Amino acid sequence: MASIRAENLVKRYGAFRAVHGIDFDIADGEFVAILGPSGCGKSSTMRMIAGLESITEGAIYFDGKRANETRARDRNVAMSFESYALYPTITIYENIAFPLRSAAVEAREIDRRVRDVAEKMELTALLDLKPHGLSSGQAQRVGLARALVRKPSVFLLDEPISHLDTRQRYRMRRFIKSLHQEFHYTMIYVTHDQEEALALADRVMVMSDGEIQQMATPDEVYARPRNAFVAGFVGEPPINFVDCRVRRDAAGWAVEFEGHRLLLPERLHRAAERVGDEGLAAIRPHFLSIGENGPMVIEGRVFVTEELQDQNLIFVDIGGTRFTIVAHPSVKPRRGDIVPVAIDPDHLLLFPRSEAKKFEDLAA
Ligand code: ADP
Ligand code: MG
């Protein structure tokens, strides 16, 4: 296992800068997800770690030792991509054994390791078969087993399950997480799927436009997003944003929007000071409810309701802003109903309006 550090890491393709000088530390045995929209520089970052792509500027360290000039095969990095090319003419067993045979590992040791990893990946019953006819989930597990059998010091996965159907994805997610919990590999997992990142990782590196927006635990990126981009990218259904004015008077700090005024909890006073007059307030759909209870209640008009059975999504217009509310399945207002919307002030967030632009890019 290894720790990884990046300092001022830059990737340029010709004149185009794909990664803008990022810094990060990944601890030995940590599971980090690199999360961000398509084209934000996730794969470029991972490929520089793997040694598959040259480093334009900056440095990468494995266990504190500079690795820029270390060849890919000498980094002892295993990589699993979305496309896993299995050799069609040999058995699953030989597919998994392949990297060990290439490395001239002794036959008995190969057998022990292949059977061990096959058992972990629930592939034992398939070892004598050829890849033809495997389900995509099974083929993916063989690909992972082949990557893991070498006992890599770092395990990199680039959108490894994004092509699978929903059920297979859930199944593979559990596999990958249990692999980490059992073996404590240093793992870096690239994904554009925020749910996958939150479900799997110890820490999430949220990227956009070649920069790290925040690198923190799932709890932190969800509850204390550093900026509006992170707030908008993490969480499902997406967070609600509303333009607001930030005011201070005798009663204290408040935000005003759509003719309403909400007193800010003390937790947000410093943010209010920092943001200035033009704010962007945000609240997750789970922290809005339909009902009279609580210190912040505002009337809205129901636009549409989606009854998902385990929860209902209610879309409510307050002035010119449409809010998503996650409600109990028993809450079924009708289109046009005027309903009281309660806002949980403990979960209100406040950003500078200037960050709204970044969020619009994301929504577009
Ligand atoms: P992600 O994995 O987040 O989707 P990438 O790291 O693959 O993003 O790409 C980041 C940006 O760099 C994209 O705009 C992409 O088009 C560009 N890019 C990636 N690889 C190359 C390449 N080999 N040559 C030129 N541009 C590239
Ligand atoms: Mg990619």
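Strands, as named here, are DSSP runs of at least two residues, numbered from the N terminus. The structure is a predicted model. In this model, Asn-76 is placed in the loop that runs between strand E5 (65–66) and strand E6 (77–80).

Six strands make up an open sheet with mixed pairing, in the order E6-E7-E8-E3-E9-E10. E6 and strand E10 (211–216) have a single partner strand each and stand at the edges, so one side of each lacks a neighbour in the sheet. On average, and with direction ignored, neighbouring strands of this sheet are turned by 15° against each other. Within the order given, strand E3 (residues 31–35) and strand E8 (residues 186–191) run parallel and are joined by five bridges. In this pair, Val-32 is found opposite Ile-188 in E8.

E11 pairs with E12 in the antiparallel sense over five bridges, and a hairpin of two residues joins E11 to E12. Strand E13 (residues 260–263) also pairs with E12 in the antiparallel sense, here over four bridges. E12 and E13 again form a hairpin with two residues between them, and Glu-258 in the turn has a positive phi of about 45°. Strand E12 (residues 252–257) is mostly covered, with five of its six residues buried.

Ligand 1 is surrounded by Tyr-13, Phe-16, Ala-18, Pro-37, Ser-38, Gly-39, Cys-40, Gly-41, Lys-42, Ser-43 and Ser-44. By class, this shell holds five nonpolar, five polar and one charged residues. Several polar atoms of the protein approach the ligand. A polar side-chain atom of Ser-43 lies 2.8 Å from an oxygen atom of ligand 1, and a backbone N or O atom of Gly-41 is 3.1 Å from an oxygen atom of ligand 1. For Tyr-13, a polar side-chain atom is 3.5 Å from a nitrogen atom of the ligand. Of the 560 Å² of accessible area that ligand 1 has on its own, the protein covers 58%. Strand E2 (16–26) and helix H1 (42–50) are the elements that give two or more residues to the shell. The largest share, three residues, comes from H1.

The phi of Asn-76 is near 50°, a positive value in a residue other than glycine. Asn-76 has a relative accessibility of 28% and therefore counts as partly exposed, the range for that class lying between under 20% for buried and over 50% for exposed. Glu-159 is likewise not a glycine, and its phi is positive at about 40°. The loop that holds Glu-159 runs between strand E7 (154–158) and helix H5 (166–183). Because its relative accessibility is 15%, Glu-159 counts as buried. A cis peptide bond, with omega of about -10°, joins Glu-236 and Pro-237. Pro-237 lies in the loop between helix H8 (228–233) and strand E11 (240–249).

Terms used: Residues are numbered from 1 along each chain as its sequence is written. Chains are lettered from A and ligands numbered from 1 in the order in which they are written. This is a predicted model: local features need pLDDT of at least 70, side-chain atom pairs count only at pLDDT 80 or more; totals for chains, interfaces and linings use all residues. Side-chain values use heavy atoms; hydrogens and water are left out. Buried means under 20% relative accessible area, exposed over 50%, partly exposed in between (1.4 Å probe, protein chains only). A residue is near a molecule or strand if one of its heavy atoms lies within 4 Å of it. A polar contact is a pair of N or O atoms within 3.5 Å; within protein, one must be able to donate a hydrogen and the other to accept it, and residues adjacent in sequence count only if both atoms are side-chain atoms. Accessible areas come from the Shrake-Rupley method with a 1.4 Å probe; for residues, only the protein chains shown count as cover. Ala, Val, Leu, Ile, Met, Phe, Trp, Tyr, Cys and Pro count as nonpolar, Asp, Glu, Lys and Arg as charged, and the others, Gly among them, as polar. Two strands pair if DSSP finds at least two bridges between them. Axes are lines fitted to C-alpha atoms, for helices over the stretch in contact, and angles run from 0 to 180 degrees between N-to-C directions.
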